[in-house]
Amino acid sequence: MEDERSTASLESSLNERCKELSCLYGILCIIRKNLPLDETLQGVVELIPSGFQYSDLECACIELKGMFFQSPGFKVTPLELSTDIIVDGSRAGRISVYYTGAIPDSAEGPFLKEEKDLIRAISDYLGPMVECKYVEYALVENLKKYRFMVENTTDIAYSLDTEMRITYISPQVKKLGYNANKMLLSDWADFIHPDDRDRVISEYRSVLFEGIEHSILFRTTDNSENVHWMEDSGMPLKDDSGDIIGVTGILRDITQHIDLETKLRHYVQFEKTLCDISSRLINFPSRDLGDEIYHALESVGKAAKVDHIFIYEFSSDNDLAEKYGEWYREGVDAVGKEFDTITLSEIPCFIMPLRKNKAVKIHSLDDLPEEAHKGKEMLELLKVRSALIVPLLMKDELMGFVGFCSIREDMHFSNFVTDMFRLVGSTIGNSLQHDRSRKSLGLSEMYYRSLFEESNDAVIIHDADGRILNVNKKACEMLGYDRDSLVGIDLVSLYPDEERIFVSDTIGNIMVKGSVHLESKLKRSDGSSIDVDVSGSVIDKNEQFIQIIVRDITDKKKAEIELDSYRQELEDKVEERTRELTRVNENLKEEISEHRIAEKLIKENETLLRNVLESTDDGISFFDNTGTIRMVNNKFREIWNIPDDADTEKNYVEAFVRYGLSQLENADHILSKVKRFAILMEYDSDVLYFRDGRIFEYHLFPVITDGKVRGHVCSYRNITMRKRAESDLQEYAEELERSNELKDLFTDIIRHDLMNPAGLVKGFVEILLKREYDPDTTEKLRAIKRNNGKLIDMIESVSKLSRLEAISVLEFKVMDVGAIVRLAIQSLDKQLRSQHIVLENMASGKYNAKTSPVLEEVFVNLLSNAIKYSPQGSKIIVDILDYGDEWKITVTDFGEGVADEDKPFVFERFKRATKAAVKGTGLGLAIVKRIIDLHGGKVGVEDNPEGQGSVFWATVKKA
């Protein structure tokens with residue numbers, strides 16, 4: 001019985017080995033068929049399970065460099081056997097075998113040692129096979145590329161045997177008039193020019209007997225007996241054993257090259273001369289330019305073998321041409337001094353072609369037409385026999401001409417020489433323009449430096465990383481540093497600690513929007529803080545340079561505090577006169593109470609910055625020591641109502657009489673001071689009272705260098721609001737009787753007086769939350785933070801709506817509604833991600849409309865509304881539809897939707913659908929409606945046609 005079991009075991013083991021051998025044999029047969037790689041691997045993967053113990057329970061797959069092959073019934077299971085496929089020493093793929101069913105209880109395994117050896121053996125077969133396939137594919141591709149290159153190149157490829165008979169020549173030989181097939185087995189020497197034949201044959205023998213490569217030039221003739229110069233690059237042709245069996249090479253027809261080489265030598269020296277003078281003229285200082293131009297004319301004259309060169313520049317009125325310089329060849333007498341100035345109208349035959357940027361060629365004076373008699377007389381007096389006159393260009397504008405003359409003989413000017421002389425004219429013109437631009441730039445730089453240094457406001461220039469590049473004198477005075485201490489430091493270091501986190505965001509906003517206006521605080525060198533108004537703008541997008549103008553508003557902030565005493569009185573009267581604001585007061589009571597509690601906790605810690613207030617720019621003018629206005633900015637024109645196309649470069653007294661005298665109430669007093677501006681060497685200022693009610697304050701600063709007044713900078717600041725504020729404080733009791741003004745004033749107070757402490761609460765609560773670890777106290781602080789956030793949102797919404805209701809007309813310009821929508825989407829990216837909401841913007845292209853930048857608030861509110869009422873993980877769809885003469889912008893959400901009975905009221909203030917879990921003031925959609933009304937459009941809400949949710953829409957008129 002034991003022998004029978006042993007025999008059965010041996011038979012089973014033998015059967016398994018036979019299956020494995022059969023599997024390997026089958027795989028080898030597939031490989032030997034030399035099928036494409038994908039067919040080979042598919043055949044192999046289908047055979048692999050047959051070599052395993054339970055082939056009906058197993059499947060296999062092969063992964064190779066992005067390709068995947070699998071056996072029938074393939075699936076991945078936890079029972080896996082795999083091995084790597086190695087190609088060219090690196091892992092290129094993997095073979096994997098999986099059990100697809102349960103293993104019998106009597107089975108060994110899950111995988112036998114022999115099965116592991118089998119899969120490794122298969123991998124060993126596949127690796128070299130794949131490597132061979134890759135090599136084979138590469139050889140085929142290289143062969144195709146080589147054949148394509150040989151048959152499509154302009155060169156001629158050839159091969160010779162040891163008897164110098166042609167065994168191959170490429171089809172390109174047909175350009176010599178020969179047939180490639182008919183040339184086979186012909187003697188190569190028959191196609192070589194007799195004068196070069198012995199030399200060439202000697203070179204080929206060196207290749208055949210010494211095995212060296214050669215590169216030679218020889219002549220051959222085509223079937224029309226025309227001579228061609230050929231450049232031959234040859235090398236020995238060897239068989240597999242390394243024996244030389246012939247010569248192979250490339251022939252290139254260089255006949256044209258040889259012909260041109262001779263001509264080229266004639267021009268090289270001339271071109272070299274032009275290159276030298278071009279470099280020297282551009283790099284010379286202004287004081288040496290005249291001498292250098294003379295030396296340049298001398299070099300050109302000698303190289304071109306002309307006798308006389310002259311340069312004329314047009315006068316400012318383009319009526320005359322004045323001689324700038326000239327050169328005569330040694331031995332040639334200078335003549336024609338009476339032609340230092342030429343009247344252009346006398347030589348139209350020369351000037352008209354020059355104005356069309358054409359050169360004037362005069363090979364002989366006899367060739368000139370009768371109408372050119374004036375020009376001919378001039379050239380005869382100059383003893384000229386031939387001349388070439390080219391334009392003198394400055395910035396592609398004709399500013400004069402340059403003449404190249406032959407006095408001793410007639411001269412023919414080729415196109416090449418003409419082009420070279422035109423280049424001389426351009427080079428001289430560029431050097432003169434460069435010299436004038438450099439002088440003009442120096443003057444402009446002086447004007448800019450004066451404005452920069454004498455500005456009433458601090459000016460700081462920094463890069464996108466916040467590194468300070470330059471500051472003016474006012475910045476040093478304001479911050480208490482010298483210039484060297486500020487240049488090179490990080491802008492962040494000038495801010496108090498609690499404000500530094502906002503600096504990088506502000507810089508980012510400036511780079512995206514182009515400009516930003518805000519209020520902040522800066523830290524002086526002594527550690528004290530000052531309130532500042534900051535206007536930032538990009539001055540160089542390529543270099544990413546930013547300029548910020550900083551104004552000290554500490555005194556202004558102190559004045560605002562005086563308004564606090566009127567708060568309670570305003571609240572009582574507004575409550576009586578304005579129902580809508582009464583509701584706001586009731587909603588605010590709890591938040592104000594909590595804010596006062598938080599304010600107590602915060603007083604002992606830190607002081608935060610005030611919020612942003614808008615400020616206006618100053619009007620600026622600069623006039624020199626002659627009293628001539630040299631520079632004004634747009635604000636200056638706006639203040640004095642000077643048209644954009646009006647020329648302001650006139651005497652400042654004349655300008656004041658023309659534009660300012662009639663506008664001022666105190667005109668006589670100011671005129672008496674204006675007349676003395678030019679002689680003032682000290683600072684001066686006064687107040688301007690305009691007849692239209694505006695009040696400006698001017699500040700005059702002398703620009704002094706080397707103890708002399710070079711000019712003056714005058715700035716004009718609008719102080720109307722400051723002056724009126726003084727009288728407004730005394731007249732508040734009467735003004736409060738006017739309900740509309742009460743409403744606006746109360747809104748301003750909410751915005752300024754409530755937002756400031758609310759901002760303080762927000763900042764200090766965040767600080768206390770980081771420092772507090774007691775759970776009860778932390779929960780109370782979080783409640784304060786939530787309610788304070790609601791307070792800020794409500795104040796902002798009320799302020800926006802009030803400002804919009806006070807506006808009856810907006811200024812419109814053509815803007816892309818699609819771009820405005822994309823900006824709104826970008827601003828809400830954080831809220832979308834926090835709610836895991838996907839926003840699909842279906843609008844593409846441009847949607848031009850007559851609109852105002854405030855339109856962005858519409859899309860921000862509609863999108864914010866959709867986010868609030870959408871469940872997490874849902875989506876929002878934005879689209880812009882063509883609606884005849886309007887664009888219809890739609891925002892679709894998949895939230896709970898709006899009930900039909902609520903739809904007529906959702907755009908009214910404080911009206912919201914019943915959504916207790918969603919925070920909001922009920923003013924967002926009212927703001928949307930007001931802005932769209934100002935645009936002459938419509939708003940509405942509909943049910944989402946795709947299911948649950950709503951579609952909010954608004955229309956604006958097309959441009």
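This is a predicted model: local features need pLDDT of at least 70, side-chain atom pairs count only at pLDDT 80 or more; totals for chains, interfaces and linings use all residues.

**Helix against helix**

I looked up helix 18 and helix 19 first: they run roughly antiparallel to each other (angles under 35 degrees count as roughly parallel, over 145 as roughly antiparallel, 65 to 115 as roughly perpendicular and the rest as oblique). The packing angle is about 170°, and the axes are 10 Å apart, for helix 18 at residues 652-660 and helix 19 at residues 667-674. Axes here are lines fitted to C-alpha atoms, for helices over the stretch in contact, with angles from 0 to 180 degrees between N-to-C directions. Helices (H or I, at least four residues) and strands (E, at least two) are DSSP runs, numbered from the N terminus.

Residues are numbered from 1 along each chain as its sequence is written, and side-chain values use heavy atoms, with hydrogens and water left out.

Which residues in helix 18 and helix 19 meet? From helix 18 I noted Tyr 652, Val 653, Phe 656 and Val 657, and facing them in helix 19 are Ala 667, Ile 670, Leu 671 and Val 674. By class, that contact has eight nonpolar residues, no polar and no charged ones (Ala, Val, Leu, Ile, Met, Phe, Trp, Tyr, Cys and Pro count as nonpolar, Asp, Glu, Lys and Arg as charged, the others, Gly among them, as polar).

**Rings**

I found 19 aromatic pairs in the structure. Rings of Phe, Tyr and Trp (its six-membered ring) pair if their centres lie within 6.5 Å; planes under 30 degrees apart are stacked, over 60 edge-to-face, the rest tilted.

Trp 640 and Phe 690 make a tilted pair, 5.2 Å centre to centre with 45° between the planes. The two sit 50 residues apart: Trp 640 is in helix 17 (residues 634-640), and Phe 690 is in the loop between strand 23 (684-689) and strand 24 (695-705). Trp 640 and Phe 690 are both buried (under 20% relative accessible area; exposed is over 50%, partly exposed in between, with a 1.4 Å probe and protein chains only).

Next I checked Phe 907 and Phe 952: their centres are 6.1 Å apart and their planes at 70°, so I logged the pair as edge-to-face. Phe 907 is in the loop between strand 30 (886-892) and helix 26 (924-934) and Phe 952 in strand 32 (residues 950-957), so this pair ties together parts 45 residues apart in sequence. Phe 907 and Phe 952 are buried too.

Phe 656 from the helix 18 contact turned up again in a cluster that ring pairs build from Phe 636, Trp 640, Phe 656, Phe 690, Phe 696 and Tyr 716.

I also logged two lysines over ring faces. Lys 888 lies over Trp 953, 4.7 Å from the ring centre, and Lys 958 lies over Trp 887 at 4.4 Å (NZ of Lys or CZ of Arg within 6 Å of the ring centre and within 35 degrees of the ring normal).

**One asparagine**

Is Asn 861 buried or exposed? It is buried, at 14% relative accessible area, and its place is in helix 25 (residues 855-868). Leaving aside neighbours within four places in sequence, Asn 861 is in contact (heavy atoms within 4.5 Å) with Gly 924, Ile 927 and Val 928.
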